[in-house]
Amino acid sequence: MINLNFVPEKVVVKNVGQANWVEIYDTKNKIRIVFDMGMPRQCPASMVKAQITNIMNYRDDKPIFVLSHWHTDHYHALLALENVATQYFSQFVFPSTTPHNVTSNRLQKIMQSNHIPISLLPNNSTMRKVTLSNNVSLY
């Protein structure tokens, strides 16, 4: 499913207000995983673009995008950037239970149109821990 065959060196938690956006880097300063890519819902695309200070690294590094859950403030940046941002990922990982609403449907259509592999996390009612190394875990 997700290639976790790397040693995490640093974790960057972006200051995006009431949202979530985390980047996980390896020892060569390559972005390997982007965990959520949220911004407040009312945030314009120009502010989202300003948040991606290393967009060229996304293009070059082709990280995996992991969505923790289907609240818009965890993927709004992808919606604001549409095809530009989605082309910079090597794989998308989403919870298998998706809501049927306009925003989640729009995001899924963007992913499918770029032909990027999509993996679905199993539908569990309990939180699962994915250990990346001795010092980094995702829930």
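How many bridges join strand β3 to strand β4? Three. Strand β3 covers residues 31-37, strand β4 covers residues 64-66, and the two run parallel. Keep in mind that this is a predicted model.

Look at one spot in that pairing. Val34 stands opposite Phe65, and Phe65 is in β4.

Now the whole sheet. It is open and has six strands. Their order is β1-β2-β3-β4-β5-β6. The pairing is mixed. Which strands sit at the edges? They are β1, residues 8-13, and β6. Each of these edge strands pairs on one side only. How are neighbours in this sheet turned against each other? On average by 20 degrees, with direction ignored.

Strand β5 spans residues 91-95, and strand β6 spans residues 118-121. Four bridges join them, and they run parallel.

Helix α5 takes up residues 102-113. Together, β5, α5 and β6 make a β-α-β unit. Which hand does that unit have, right or left? It is right-handed.

Pro8 is found in strand β1. Is Pro8 buried or exposed? Its relative accessible area is 5%. Buried means under 20%, so Pro8 counts as buried. Pro8 and Ile33 are 25 residues apart along the chain. Their C-alpha atoms are separated by 9.6 Å.

How values were computed:
Residues are numbered from 1 along each chain as its sequence is written. This is a predicted model: local features need pLDDT of at least 70, side-chain atom pairs count only at pLDDT 80 or more; totals for chains, interfaces and linings use all residues. Side-chain values use heavy atoms; hydrogens and water are left out. Two strands pair if DSSP finds at least two bridges between them. A crossover is right-handed if, with the strands pointing away from the viewer, the path from the first strand over the helix to the second runs clockwise. Axes are lines fitted to C-alpha atoms, for helices over the stretch in contact, and angles run from 0 to 180 degrees between N-to-C directions. Buried means under 20% relative accessible area, exposed over 50%, partly exposed in between (1.4 Å probe, protein chains only).
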